[in-house]
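Subject: Structure for your files

Dear colleague,

I am passing on the structure below, followed by notes on what was found in it. Please read the two together.

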Amino acid sequence: MTRVSKLAAVAALSTLSLAACSSSTTTATTATSASGSGPALSCPAGQITAEGSSAQSNAIQDVIAAYADACASKSKIEYNPTGSGAGIKNFNAGLVDFAGSDSALKADEAATAKTRCKGNAAWDLPMVVGPIAFSYNLSGVGKLVLNADVLAKIFQGKITTWNDPAIAALNSGVTLPSTKITVFYRSDDSGTTENVSKYLKANAPTVWTPDTSKTWKGVGGEGKNKSSGVAEAVKATVGSIGYMEWSYATDNKLGIAQIDTGAGPVELTSANVGKAVEAATVTGTGNDLSLKLDYATKVAGAYPAILVTYEIVCSTGLDSTKSAIVKDFLTYFSSEKGQSSLESLGYAPLPSSLRTKVATAVQAIN
Amino acid sequence: MADEEGPAIATTTETAAPGSSPDRAKDSQPAGSIDLAGVGHAGDITFRALAYIAAFLVVMLVLFVGIFLAVIAAPSLRHNTANFFTSNAWNVTGTTLEFGIAGLLWTTVLSSVVAMVFAVPIAVGTALLVTHYVPPRLGSAIGFVIDLLAAVPSIIFGLWGLKVLGPALAPFYTAVQQALGWIPLFGKGIESTGNVFTASLVLAIMVLPIISAISRDVFAQTPRDHIEAALALGATKWEMVRTAVIPYGRSGVVAASMLGLGRALGETVAVMIILSQTNTGGINPSLFAGGETFASKIANNAAEFDSPAKTGAYIAAGLVLFVVTFAVNALARLIADRKAHQ
């Protein structure tokens, strides 16, 4: 085959494929800097690496970029979303400088971390609050109210159609179709699944009988890969419901169910999520701020299905240049400016009472 | 044909037999002749040594991969409370370890076999068309385009299958499940279109270029004598192809299909994106059910290997895939060699 005819074949194929692309590309949104001055940063030079939770990946990448802007890229920070388990393991092995995790260090992990930090305690600093949205695909239903009991029954296969009396009882005045409910869940182990199961177990322990774990233990339904897979599946299947991080629900323009904790339906907003975080108790001592989230909170207007990711750092014991960068970066992350920038990404900023505690703990890192 | 013809190189003497290389080496420099190749005895030894080392390295690599899989999987297999081959459970976190690959094996084998059922006839048909039915220039153009399919990344195939092919086939799936649902293979599956059938079709498209390329080569090498003989005896085009071309190329096509099957068995990303996981406990034998293959399950959970027991369980699944692919390839070699010696 002559070279000319080969090139002609490639050219023909490329023109055909380009002609098929008709829609205009949407421009990626650039992170807009929040108004107001940021915190005072010392901008040390150097390089640090971190890894861990993928749930906070979007948030931390955005903050890394904003911090680099604020410090004219004097330091280099890398975050690898390999999963909370891998993050803690590699932090304890001394391979990364801090870890991001969906859950605080367990007792044995904390002991290893203490050795890693040369005999000093490791602190869990809550930094990113990710609300979990229960998204649904029902044409003609603009507002859907659900509660933990009904959700648990749906996910355990006990409620199978949308016009079930239990759902209708929460949604008076709304005509629900008789479509079968298709449940989509995360097929990979994830912190989001763990927090959903903790929420369901805390509120409906008789219905949600399996133990809380990162692996989905519901009945029926279909597992999809990552929240993006779940969101796409919900979007494509009428009569489906799934759980995902808030940003995926808004990006795909899916309806988000309002949760009724007993005091009326609560919509998923940053303010309502903040109320739920405030209802959490701090179980750590001193500057270790591991939280025990109250998934069964009855605070009026609080949205209870949330996920908090921690940055796990050495209080002391890291190499001094690295410590300085970790401290400076987390100062920015825990500042008002850093937290408020997360809202556009589908996270909720820390409520101010907790944020000041985190900022104080960050200042104590050395 | 095994002799080195061409320019008269001093190393070939009339008395040298093909197998007696040491003698030829000694006689390589008869008096008054020129060593045109400039290699001599040292080059011979060096090249042979390098070739042996290369082959040794490759064999060692395969062995080490197998040993690595076995060593990491062994502790988890020992502590497994369920039967590894017949159970479909997968509880690998927490204190008790029970895992079994029955469901994984079924979905992997089913999706790959169905992919081959679609891919092989199409690939063979294309190869025959390109070599015997269309003019050579058009034939190589078609072949070139099919080979371009191999350049498409598998994640693109996965996304295309999930978003385009699946929804397009949804009415077909509903119709078949209603009409033929009494046959277990076509029984009731999952609601969405992320089922084994969609995955198999995408796998078929992915292995098509491999099988087609090798089949084309094989069919093009059919001896002219056989073709001319068939035509001289009054055979039509199809009869000629059926009696001269296909029998000659059969072992090559089988080898090509086994290569494609190996690719289909190990395909990871496309299957991970398309196939919906299900957690019903039992194995649904339907083509329209969901499931996971070995490769997709391991890749899906690779980020959360936080305990040795859990890692070992997944590596054990990987070991089964390794053995299955190895067996398939060995079988292919056997079939190809047997045909060659007939």
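Of the contacts in chain A between residues at least 6 apart in sequence, 74% join residues at least 24 apart, two residues being in contact if their C-beta atoms, placed from the backbone, lie within 7 Å. This is a predicted model, in which local features need pLDDT of at least 70 and side-chain atom pairs count only at pLDDT 80 or more, while totals for chains, interfaces and linings use all residues. Residues are numbered from 1 along each chain as its sequence is written, and chains are lettered from A and ligands numbered from 1 in the order in which they are written.

Chain A holds 13 helices and 14 strands, taken as DSSP runs numbered from the N terminus (helices H or I, at least four residues; strands E, at least two). Buried residues, those with 20 or more other C-beta atoms within 10 Å of their own, C-beta atoms being placed from the backbone, make up 50% of its 366 residues.

Strand E1 (residues 46–52) of chain A runs parallel to E2(A), to which six bridges join it, where pairing requires that DSSP finds at least two bridges; Gly46(A) stands opposite Ser75(A) in E2(A).

To the contact with chain B, chain A gives 26 residues and chain B gives 24 residues. On the chain A side, helix H1 (3–20), helix H3 (84–92), strand E7 (222–224) and helix H8 (226–236) each supply at least two residues.

With regards

Conventions
Buried ≥ 20, exposed ≤ 12 C-beta atoms within 10 Å, placed from the backbone.
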